[in-house]
Amino acid sequence: MAAAQDVAAPPSEDGPGPNMVIEVADASGAARGTIVLDLNPEKAPGHVARLTELARAGAYDGVVFHRVIEGFMAQTGDVQFGKQGGDLSRAGMGGSEQPDLKAEFSDQNFLPGTVGMARSQSPDSANSQFFVNFAATPSLDGQYTVVGRLIEGWDVLNAIKKGDPRFNGKVDEPDYMAKVTIVE
């Protein structure tokens, strides 16, 4: 896969969906910048409703980017086990108190900046975790629910601390989402 910095920034036109604004900080709490995700409720209404509900409740504030793989994606959203400052040994294994969601697969492809829902082997197991692609990943097309796309902060996304490829992208002292808000 190409290195993230070698991939051109995705188109940044804002669509009609709500935007998820994520203030990113490093492990020490220093601000890294802001990324903005344009969510698409037309393609994934249930998943977008979940993301916006959790963001409005403050559930994503302080959640780490627990799995970041150079040239692939940055994953976050484990509101159960992924809080900054806590025991992160199980980060990536949890979700929210809400039930898992039924897959909402679409014809949208996984391109640089695509936001997808993380899940286990079951297509209907997405809950709170999501990821943003650094590069095109056709192997995910039609296999994971696309919830939106990055429209601002490509440089901030690319600067998120990468994980160890030998351990499936697990990040030591990970960057985190300091504050997440929804803008209609």
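The model is predicted, and local features need pLDDT of at least 70, side-chain atom pairs count only at pLDDT 80 or more, and totals for chains, interfaces and linings use all residues. Residues are numbered from 1 along each chain as its sequence is written, and side-chain values use heavy atoms, with hydrogens and water left out.

Rings of Phe, Tyr and Trp (its six-membered ring) pair if their centres lie within 6.5 Å; planes under 30 degrees apart count as stacked, over 60 as edge-to-face and the rest as tilted.

| Pair | Centre to centre | Angle between planes | Class |
|---|---|---|---|
| Phe110 and Phe131 | 5.8 Å | 20° | stacked |
| Phe131 and Tyr144 | 6.2 Å | 80° | edge-to-face |

Phe110 lies in the loop between strand 5 (73–76) and strand 6 (114–117), and Phe131 in strand 7 (residues 130–133), so their pair ties together parts 21 residues apart in sequence. Tyr144, in the loop between strand 7 and strand 8, is 13 residues from Phe131. Strands here are DSSP runs (E, at least two residues), numbered from the N terminus. Phe110, Phe131 and Tyr144 form one aromatic cluster.

Buried means under 20% relative accessible area, exposed over 50%, and partly exposed in between (1.4 Å probe, protein chains only). Phe110 is buried, and Phe131 counts as buried at 4% relative accessibility, whereas Tyr144 is partly exposed at 21%.

How values were computed
Helix = DSSP H or I, 4+ residues; strand = E, 2+ residues; numbered from the N terminus.
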